[in-house]
Amino acid sequence: MDLKDFNLAPFYLLDQEWALLTVGKKQNMNTMTISWGGFGTLWQKPVVTVYIRPSRYTYELMENHEYFTISFYDKEYQRELTLLGNNSGRDGNKIAFTKLTPDFLELAPSFKEANLTIVCKKIYFQDLNIKNINQDSISDIEIEHFYKKEPVHRMYIGEVIDIIDRRKGQL
């Protein structure tokens, strides 16, 4: 798909409908539900920004692979996205408990049921720093909620390499 023709409602899709971030190879892949992220440009490249905690199994795979996908689904797959967000691939094949069919693309995996798959190449990463959070934007209570028991997220920026759009004019 020509990236110039791509239209998206990113605030709605990520926050309200969620997405799957998928990484790895056929013999070792994992996916996790995400609702934090962004779309934009960096260094004159179209990019996707995602956030993953180091405690997540997907983090290990992101550290060891150059490409990942972000994929979006119809509402009928909300159960799958919930299940994939609440269970770890470290504990077993959580994908087997869903209606999703892995789709091993050339660079990174996705799922055949995805309406939209964005293939990304990692070009930058950095751990968030709690000291850099604007205290006017988020309260200490919210910071404690997100980071008291869990480490801070790692931010990954991926250049958009390809877009597979199976939507039928929904957006």
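The largest pocket holds about 570 Å³ of space; volume here is the space filled by probe spheres set on grid points joined across faces, edges and corners. A pocket is an open set of points on a 1 Å grid over the protein atoms alone, where a 1.4 Å probe fits, with protein on both sides within 12 Å along at least five of seven lines; lining residues have an atom within 4 Å of a point. This is a predicted model, where local features need pLDDT of at least 70, side-chain atom pairs count only at pLDDT 80 or more, and totals for chains, interfaces and linings use all residues. Residues are numbered from 1 along each chain as its sequence is written.

- Of the 26 lining residues, Met32, Thr33, Ile34, Arg56 and Gly85 sit closest to the centre of the largest pocket.
- Strand 2, strand 4 (45–52), helix 2 (57–64), helix 3 (78–86) and helix 4 (140–147) each give two or more residues to the lining; helices (H or I, at least four residues) and strands (E, at least two) are DSSP runs, numbered from the N terminus.

**Helix 3**
- Glu80, Leu81, Leu83 and Leu84 are its buried residues (under 20% relative accessible area, 1.4 Å probe, protein chains only).
- They lie on the same side of helix 3, because they cover an arc of only 165° around the axis, taken from the directions from the helix axis to the C-beta atoms.

**Strands 1 and 2**
- Strand 2 (residues 28–34) is mostly covered, with 6 of its 7 residues buried.
- Strand 1 (residues 19–25) runs antiparallel to strand 2, joined by 7 bridges; pairing takes at least two DSSP bridges.
- Thr22 has Thr31 in strand 2 as its bridge partner.
- A hairpin of 2 residues links strand 1 to strand 2.

Technical notes
Heavy atoms only, no water. Buried < 20%, exposed > 50% of the residue type's maximum accessible area, 1.4 Å probe, protein only.
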